Amino acid sequence: SFKVWGNCETCKDNIETAARFKGVTFCSWDTATKVCIVTYDSRETNIDAIEKAIAAAGYDNMAYKGDDKAYEELPTCCQYERKK
């Protein structure tokens, strides 16, 4: 599990969708705690790849800053206050 910044149910859908790729068997992001819980097959992927995929979708997490262009394209409700 790891922290991912976001605000709403749209964020939840986006974050969980970004993390759904080969090797990921489960992903759930909680809007209240901002914690993303994932399970995955370590022979096919790793936590680093999952965090990178979520960041590529525009969401900051503990390891990576979200892609700026992707963040700017998120709906207004999803644009959380970012750390500098």
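Modeller: Gladly! Let us begin with a cut-off: a residue is called buried if its relative accessible area is under 20%, and exposed if that area is over 50%. Keep in mind as well that this is a predicted model.

Colleague: Then why does Tyr80 count as buried?

Modeller: Tyr80 has 5% relative accessibility. The limit for buried is under 20%, so Tyr80 counts as buried.

Colleague: What makes Tyr59 buried?

Modeller: The relative accessible area of Tyr59 is 0%, so Tyr59 is buried.

Colleague: And why is Tyr71 called buried?

Modeller: Tyr71 has a relative accessible area of 11%. Since buried means under 20%, Tyr71 is buried.

Colleague: How many aromatic pairs does the structure hold?

Modeller: There are two aromatic pairs. A pair of rings is described by the distance of the centres and the angle of the planes.

Colleague: What makes the pair of Tyr59 and Tyr80 stacked?

Modeller: Two rings pair if their centres lie within 6.5 Å, and planes under 30 degrees apart count as stacked. For Tyr59 and Tyr80 the centres are 6.3 Å apart and the planes stand at 20°, so this pair is stacked. Tyr59 sits in the loop between α2 and α3, while Tyr80 belongs to the segment after α3, so the pair ties together parts 21 residues apart in sequence.

Colleague: Why is the pair of Tyr71 and Tyr80 called edge-to-face?

Modeller: Here the angle decides: over 60 degrees counts as edge-to-face. The planes of Tyr71 and Tyr80 stand at 75°, with the ring centres 5.2 Å apart, so the pair is edge-to-face. Together, ring pairs link Tyr59, Tyr71 and Tyr80 into a cluster.

Colleague: Now to charges. How do you know that Glu16 and Arg20 meet in a salt bridge?

Modeller: The test is a side-chain nitrogen of Lys or Arg within 4 Å of a carboxyl oxygen of Asp or Glu. Between Glu16 and Arg20, the N to O distance is 3.8 Å, and the two side chains meet in a salt bridge. Glu16 is buried, with a relative accessible area of 8%, whereas Arg20 is exposed, at 53%. Altogether the structure holds eight salt bridges.

Colleague: Which parts of the chain does the pair of Arg82 and Asp68 link?

Modeller: The side chains of Arg82 and Asp68 form a salt bridge at 3.1 Å, N to O. This pair links distant parts of the chain: Arg82 is in the segment after α3 and Asp68 in helix α3, 14 residues apart.

Colleague: Why is Asp68 called partly exposed?

Modeller: Partly exposed covers the values between the limits for buried and exposed. Asp68 is at 40% relative accessibility, so Asp68 counts as partly exposed. Arg82 has 17%, so Arg82 is buried. Salt bridges that share partners join Asp60, Lys65, Asp68 and Arg82 into one network.

Colleague: Where is Asp60, and why does Asp60 count as buried?

Modeller: Asp60 is placed in the loop between α2 and α3. At 9% relative accessibility, Asp60 counts as buried. Among the residues that Asp60 touches are Trp5, Tyr80 and Arg82.

Colleague: What about Glu51: how do you know that Glu51 has no salt bridge?

Modeller: Glu51, in helix α2, is buried, and the nearest side chain of opposite charge, Lys52, is 9.0 Å away. A salt bridge needs a distance within 4 Å, and Glu51 has no salt bridge. The contacts of Glu51 include Phe2 and Tyr64.

Colleague: One last topic: what makes the sheet open, with strands at its edges?

Modeller: Three strands form the open sheet in the order β1-β3-β2, with antiparallel pairing. β1 and β2 stand at the edges, each with a single partner strand, so one side of each is left without a neighbour in the sheet.

Colleague: How do you know that β2 and β3 pair?

Modeller: Two strands pair if there are at least two bridges between them, and five bridges join β2 to β3. In this pairing, Val24 stands opposite Tyr40 in β3. Helix α1 packs on the sheet, touching β2 and β3, and helix α2 also packs on the sheet, touching β1, β2 and β3.

Conventions:
Residues numbered from 1 in each chain as written. Predicted model: local features only at pLDDT ≥ 70, side-chain atom pairs only at ≥ 80, totals over all residues. Heavy atoms only, no water. Helix = DSSP H or I, 4+ residues; strand = E, 2+ residues; numbered from the N terminus. Contact = heavy atoms within 4.5 Å. Axes fitted to C-alpha atoms, helices over the stretch in contact; angles between N-to-C directions. Buried < 20%, exposed > 50% of the residue type's maximum accessible area, 1.4 Å probe, protein only. Lys, Arg positive; Asp, Glu negative; His and termini not counted. Phe/Tyr/Trp six-rings, centres within 6.5 Å; stacked < 30°, edge-to-face > 60°. Lists of a residue's contacts leave out its neighbours within four places in sequence.
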